[in-house]
Amino acid sequence: MRLFDTHVHLNQIDDIAGALKRAKKEDVDKILIAGLDLDSNKEIIEIYNNIKNFDLYMALGMHPYKPQRDSFEEVYALIEKHKDVVTAIGEIGLDYWYKEAKEEGPGRDLQREVFRKQLALAKKLDKPVIVHSRAAWSDCFKMVKEYNLIEVLFHWYTGPPDILEDILSKGYYISISPSIEYSKEAQEVVLKTPNDKILLETDSPVRYRPRSGSYISEPKDVIRTLEKLSELKNVNKEELAEITYASSCSFFNIEIK
Ligand SMILES: [Zn+2]
């Protein structure tokens with residue numbers, strides 16, 4: 001069995017070498033590291049350049065949690081400079097759950113401005129995008145469509161069913177995290193999505209809170225995502241591992257060896 005953790009903030013994990021070793025033991029053989037802001041993008045490039053004993057991929061981009069106009073220009077330049085080794089643009093998007101963007105106004109405008117610039121960059125560089133869309137599902141969908149993007153991943157999607165239908169009708173993908181062990185919203189999404197449109201992730205080091213006890217995730221925990229998916233879909237683990245691995249590679253334009 002082999003697994004692809006498609007969304008990790010590896011730069012936020014203290015013991016990276018240990019986490020990668022543990023991931024390998026659980027059959028994780030590919031990891032995509034996602035960027036958040038200028039500093040994390042720089043750290044990711046360093047990790048990517050230094051670690052040679054694991055199949056790592058990187059997405060660079062600016063997350064909507066602190067969309068700063070000034071540092072955005074630097075992020076943009078960084079992506080262009082590394083375009084040959086950047087697998088995707090991410091994570092980018094909108095988040096209307098944050099205080100400054102709860103209502104229409106400058107907070108949302110700034111998020112949208114930064115998101116638009118990155119969508120245009122993805123189009124220009126012909127890269128897949130990883131979209132963070134919390135509480136802004138409809139606007140995110142409209143905007144990726146506006147830019148005519150073909151390879152779009154709605155990361156950790158827990159939005160409404162009608163937008164999920166739109167997402168799937170465009171051939172876009174969703175990814176799911178270990179939250180499917182307990183989140184009703186995430187479980188409903190999974191049940192409405194064909195297996196070959198689902199990618200697995202952990203979003204490590206996010207803290208998950210299943211009944212069995214809360215824990216801080218690392219890439220090895222992608223097995224928990226797989227196991228719960230297998231239970232919900234009533235398809236065996238090995239088969240789902242192969243399907244999701246192949247979809248991940250196809251989405252990120254990675255050749256399977
Ligand atoms: Zn993330």
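1. Basis. The model is predicted, so local features need pLDDT of at least 70 and side-chain atom pairs count only at pLDDT 80 or more, while totals for chains, interfaces and linings use all residues. Residues are numbered from 1 along each chain as its sequence is written, and side-chain values use heavy atoms, with hydrogens and water left out.

2. Zinc donors. Which residues coordinate the zinc ion? They are His-7 (NE2), His-9 (NE2), Glu-91 (OE) and Asp-203 (OD), at 2.0 to 2.3 Å. Donors here are N, O and S atoms within 2.8 Å of the metal (3.2 Å for Na, K and Ca); water is not among the atoms, so sites may look incomplete. Along the chain, the donors follow the spacing H-x1-H-x81-E-x111-D. Helices (H or I, at least four residues) and strands (E, at least two) are DSSP runs, numbered from the N terminus.

3. Zinc geometry. The angles among the 4 donor atoms run from 83 to 172 degrees, and the site is irregular. Four donors count as tetrahedral if all angles lie between 85 and 135 degrees; four count as square planar and six as octahedral if opposite donors are over 155 degrees apart and all others between 65 and 115; anything else is irregular. His-9 is buried, with a relative accessible area of 5%, and Glu-91 is buried too, at 2%. Buried means under 20% relative accessible area, exposed over 50%, and partly exposed in between (1.4 Å probe, protein chains only).

4. Cis peptide bonds. The peptide bond from Gly-90 to Glu-91 is cis, with omega near -5 degrees. This involves Glu-91, a zinc donor. Another cis peptide bond joins Ser-204 and Pro-205, with omega about 0 degrees. Pro-205 sits in the loop between strand S8 (198-200) and strand S9 (207-208).

5. Helices H7 and H8. The axes of H7 (residues 184-191) and H8 (residues 222-233) come within 10 Å and cross at roughly 60 degrees. That makes H7 oblique to H8, because angles under 35 degrees count as roughly parallel, over 145 as roughly antiparallel, 65 to 115 as roughly perpendicular and the rest as oblique. Axes are lines fitted to C-alpha atoms, for helices over the stretch in contact, and angles run from 0 to 180 degrees between N-to-C directions. The crossing is right-handed; a crossing is left-handed if the near helix is turned anticlockwise from the far one by less than a right angle, and right-handed if clockwise. Gln-187, Val-190 and Leu-191 in H7 meet Lys-228, Leu-229, Leu-232 and Lys-233 in H8. Contact means heavy atoms within 4.5 Å.

6. Helices H4 and H5. The axes of H4 (residues 106-125) and H5 (residues 137-146) come within 10 Å and cross at roughly 35 degrees. This crossing is right-handed. On the H4 side, Arg-112, Phe-115, Arg-116 and Leu-119 meet Asp-139, Cys-140, Met-143, Val-144 and Glu-146 in H5. Asp-139, Cys-140, Phe-141, Met-143 and Val-144 in H5 are buried. The buried residues of H5 pack against H4, strand S5 (129-132), S6 and H6.

7. Asp-221. Is Asp-221 buried or exposed? Asp-221 is buried, at 4% relative accessibility. Asp-221 is in the loop between strand S10 (215-216) and H8. Not counting residues up to four places away in sequence, Asp-221 touches Pro-178, Thr-202, Tyr-215 and Ile-216. The C-alpha atoms of Asp-221 and Arg-22 are separated by 9.5 Å, though the residues are 199 apart along the chain.

8. Ile-254. Ile-254 lies in the segment after H9 and is buried, with a relative accessible area of 13%. Leaving aside neighbours within four places in sequence, Ile-254 is in contact with Phe-4, Lys-30, Tyr-57 and Cys-249. Ile-254 and Tyr-57 are 197 residues apart in sequence and 9.5 Å apart in space, C-alpha to C-alpha.

9. Positive phi. Trp-156 has a positive phi of about 45 degrees although it is not a glycine. Trp-156 lies in the loop between strand S6 (152-154) and helix H6 (161-169), and is partly exposed at 25% relative accessibility. Asn-234, also not a glycine, has a positive phi of about 55 degrees. Asn-234 lies in the loop between H8 and helix H9 (237-251) and is exposed, with a relative accessible area of 70%.
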